[in-house]
Amino acid sequence: MAKIMAGVGCSHVPAIGVAMDTGITHEEYWRPVFEGFKKSREWMKKQNPDVIFLVYNDHCTAFDARCIPTFALGCGAEFQPADEGWGPRPVPTVKNHQKMASHIAQSLVLHEFDITIMNEMEVDHGLTVPLSVMFGDIKRNDEWPALVIPLCVNVVQYPAPTGNRCYNLGKAIRRAIESYEEDLNVIIFGTGGMSHQLQYKRAGLINSDWDKRFLDLMTMDPVGASQITHLEYLRETGSEGIEMVMWLIMRGALNENVTEVHRHYHVPASNTAVGHIILENNA
Amino acid sequence: MTEKEYDKIPGTIVFDADKSREGYHLNQFCISLRLQKNRDAFNKNEEAYLDAYPMSKEQREAVLKREWNLLLELGGNIYYTSKLAANDGINFQNLAGRMTGMGVDSYREMMLKGGRSIEGNRDKSEWGED
């Protein structure tokens with residue numbers, strides 16, 4: 001049977017992708033951001049996952065204002081990196097485990113999570129930046145070391161799904177994955193955050209104390225984290241900090257007791273606090 | 001209109017259903033600039049290109065004048081307006097420098113020093129606003 005081995009929480013700041021794509025990660029500004037992912041890349045090699053279930057948000061790329069699904073699951077065979085206005089990132093096409101994705105879609109709906117099924121979808125930096133930071137430089141003509149099942153969450157138009165809903169969806173995703181017959185190692189990613197506000201006069205807001213408490217809650221009290229209100233996210237972590245609800249989907253798919261094997265926190269990457277955590281399911 | 005719970009957060013526009021309705025055509029215009037062929041057409045003749053999007057006169061003026069904060073007040077969302085900025089060669093951080101009124105250099109300096117503190121930035125009363 002398929003099994004979820006671990007969860008990864010990680011920011012998906014577009015400028016991190018640009019820094020990798022333009023080869024400036026060694027520069028003084030970026031070095032501390034990438035230092036914190038050295039251990040993660042070694043860990044990824046050891047884990048050697050077959051499939052990554054990747055929770056992220058689209059930034060009006062696959063979904064502009066015409067259509068805003070709260071949860072959309074990528075079920076197509078593959079997903080092309082999108083042109084977000086400055087050319088597609090020079091990274092490989094993302095390949096799905098299509099049969100497993102269909103199984104998950106079916107299981108979720110039968111367990112009353114009525115997700116949208118996407119058979120055609122381009123993917124933006126929200127999905128490719130976490131893959132890049134965790135796998136390191138993978139060039140366009142190479143292949144990603146794992147298959148990827150994307151789950152796209154609306155966090156652009158208020159309201160995003162509640163933290164509680166996300167946490168429970170994580171549990172349903174786990175049930176779906178672990179009822180899939182093939183023996184596969186799966187790692188789930190929750191991406192986005194941490195505190196940041198990109199817009200209007202309060203842009204640049206960072207709340208490190210809050211972010212660090214959130215990382216603590218991810219390890220020790222996920223149920224507590226699932227009860228954080230939208231108002232608290234908006235006020236305390238900035239209008240775009242609400243992306244952190246996506247980490248709760250990842251956390252809901254893990255055991256209540258987990259082992260934190262790595263954590264990294266750095267300010268700034270562009271306008272954003274970069275947060276990262278690796279949680280292993282206790283055997 | 002009933003006051004919303006997030007209306008008290010200073011310097012912040014929450015992109016909710018009301019904003020989304022108001023800004024629909026503005027945002028669809030902005031996102032069209034994701035593609036090079038559309039950027040070329042827009043850059044050739046802004047007025048003519050905008051004719052295809054039935055936005056309000058105010059929104060149209062705000063686009064032409066690149067009034068970044070006004071665009072948000074009129075229903076624009078940052079992930080959309082940032083495509084207009086990108087067309088002009090302005091990245092997210094430089095756009096934030098403009099929207100905050102700090103200018104690019106002081107904004108970047110603030111971010112390097114850990115960003116804008118949450119202290120004094122939770123409630124409009126702290127900004128001397130209602």
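View 1. In strand β6(A), T116(A) is the bridge partner of A72(A), in a predicted model where local features need pLDDT of at least 70, side-chain atom pairs count only at pLDDT 80 or more, and totals for chains, interfaces and linings use all residues. Residues are numbered from 1 along each chain as its sequence is written, while chains are lettered from A and ligands numbered from 1 in the order in which they are written. Three bridges join β3(A) to β6 (residues 116–118) of chain A, and these strands run parallel; two strands pair if DSSP finds at least two bridges between them. Strand β3 (residues 71–74) of chain A is also joined by three bridges to β7 (residues 147–153) of chain A, in an antiparallel arrangement, and there L73(A) stands opposite L151(A). Helices (H or I, at least four residues) and strands (E, at least two) are DSSP runs, numbered from the N terminus.

**View 2. Helix α10(A), residues 245–252.** Because eight of its eight residues are buried, helix α10 of chain A is largely enclosed by the rest of the structure. Among these buried residues are W247(A), M250(A) and R251(A), where buried means that 20 or more other C-beta atoms, placed from the backbone, lie within 10 Å of the residue's own.

**View 3. The contact between chains A and B.** The contact takes 32 residues from chain A and 41 residues from chain B, two residues being in contact if their C-beta atoms, placed from the backbone, lie within 7 Å. The elements of chain B that give two or more residues to this side include α1 (17–32) and α6 (78–87). The predictor gives the complex an ipTM of 0.96 and a pTM of 0.97.

Note on methods:
Buried ≥ 20, exposed ≤ 12 C-beta atoms within 10 Å, placed from the backbone.
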